[in-house]
Amino acid sequence: MLDASIDSASADSALAPSGGSADIAETLLEQARQQAQADGLAYAGGLTPTDAWKLVTDGRAVLVDVRTTEERKFVGHVPAGIHVAWATGTSMNRNPRFVKELEAKVKKDAVVVFLCRSGKRSVSAAEAAAKAGFVNAFNILEGFEGDLDGEQRRGTLGGWRLRGLPWIQD
């Protein structure tokens, strides 16, 4: 996991005198890449939900939600995201068309941030994307709902929603 990530507020204060939004984005991406290299990851790296959202809102990244259609409908989703399911249905069968569907929606040189429920399936999606030639494939750490807590519930230990980032529910 990415421990060295800085949040957007830290990046803003650290770079405010000398650089703008593009500098902040480059700093976030470079830190994630360095950590990924140190960890021996097969994709570009991991970003916190807040950092990923900063990149998306600045137009520097494309958010790809890899959860199932059912998860998105019943749990919620990020309105700015693109949907390409890593697995499908309640049985979570691996989507054999994942890379082809991703290629149809996103350019291979784009910065892509992958989101799933807890940040685990999105690692697999980022790895598959990197293997297919997506050079800027990043995982969103913590996912949409975060990890399970002591009571086996999600939503209290990290995640997109807990961080107060934009989402909607159908």
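I began with helix α2 and listed its buried residues: I24, A25, L28, L29, A32, Q35 and A36. Buried means under 20% relative accessible area, exposed over 50%, and partly exposed in between, with a 1.4 Å probe and protein chains only. Helices (H or I, at least four residues) and strands (E, at least two) are DSSP runs, numbered from the N terminus. An α-helix has 3.6 residues a turn, so residues three or four places apart point the same way.

I noted that this is a predicted model, in which local features need pLDDT of at least 70 and side-chain atom pairs count only at pLDDT 80 or more, while totals for chains, interfaces and linings use all residues. Residues are numbered from 1 along each chain as its sequence is written, and side-chain values use heavy atoms, with hydrogens and water left out.

**Rest of α2**

I looked at the face of α2 turned away from its buried side and found the exposed residues Q37 and A38 there. I then checked the length. Helix α2 (residues 21–39) has 19 residues and should span 27 Å at 1.5 Å a residue; its end C-alpha atoms are 27 Å apart, which agrees. The expected span is 1.5 Å times one less than the number of residues. Just after α2, G40 has a positive phi of about 70 degrees.

**The sheet**

In what order do the strands of the open sheet stand? I read β1-β7-β6-β2-β3, five strands with parallel pairing. Two strands pair if DSSP finds at least two bridges between them. At the edges are β1 (45–47) and β3 (82–83), each with a single partner strand, so one side of each has no neighbour in the sheet.

I followed β6 next. Four bridges join it to β2 (residues 62–65), and the two run parallel; V112 in β6 is the bridge partner of V62. On β7, V112 has A137 as its bridge partner, and V113 has F138. Three bridges pair β6 with β7, also in the parallel sense. From β6 the chain crosses through helix α6 (residues 121–131) to β7, and this β-α-β crossover is right-handed. That means the path from the first strand over the helix to the second runs clockwise when the strands point away from the viewer.

In a regular strand the side chains alternate between the two faces of the sheet. In β6, V112 and F114 point one way and V113 and L115 the other, and all are buried.

**Aromatic rings**

How many aromatic pairs does a search of the whole structure find? I got four. Rings of Phe, Tyr and Trp (its six-membered ring) pair if their centres lie within 6.5 Å; planes under 30 degrees apart count as stacked, over 60 as edge-to-face and the rest as tilted. One of the pairs is W53 with W160, edge-to-face at 5.6 Å centre to centre, with 85 degrees between the planes. W53 lies in helix α3 (residues 49–57) and W160 in the segment after β7 (137–140), so the pair ties together parts 107 residues apart in sequence. Both W53 and W160 are buried.

F98 and F114 form a tilted pair, 6.3 Å centre to centre, with 50 degrees between the planes. I also noted that W86, F98 and F114 form one aromatic cluster.
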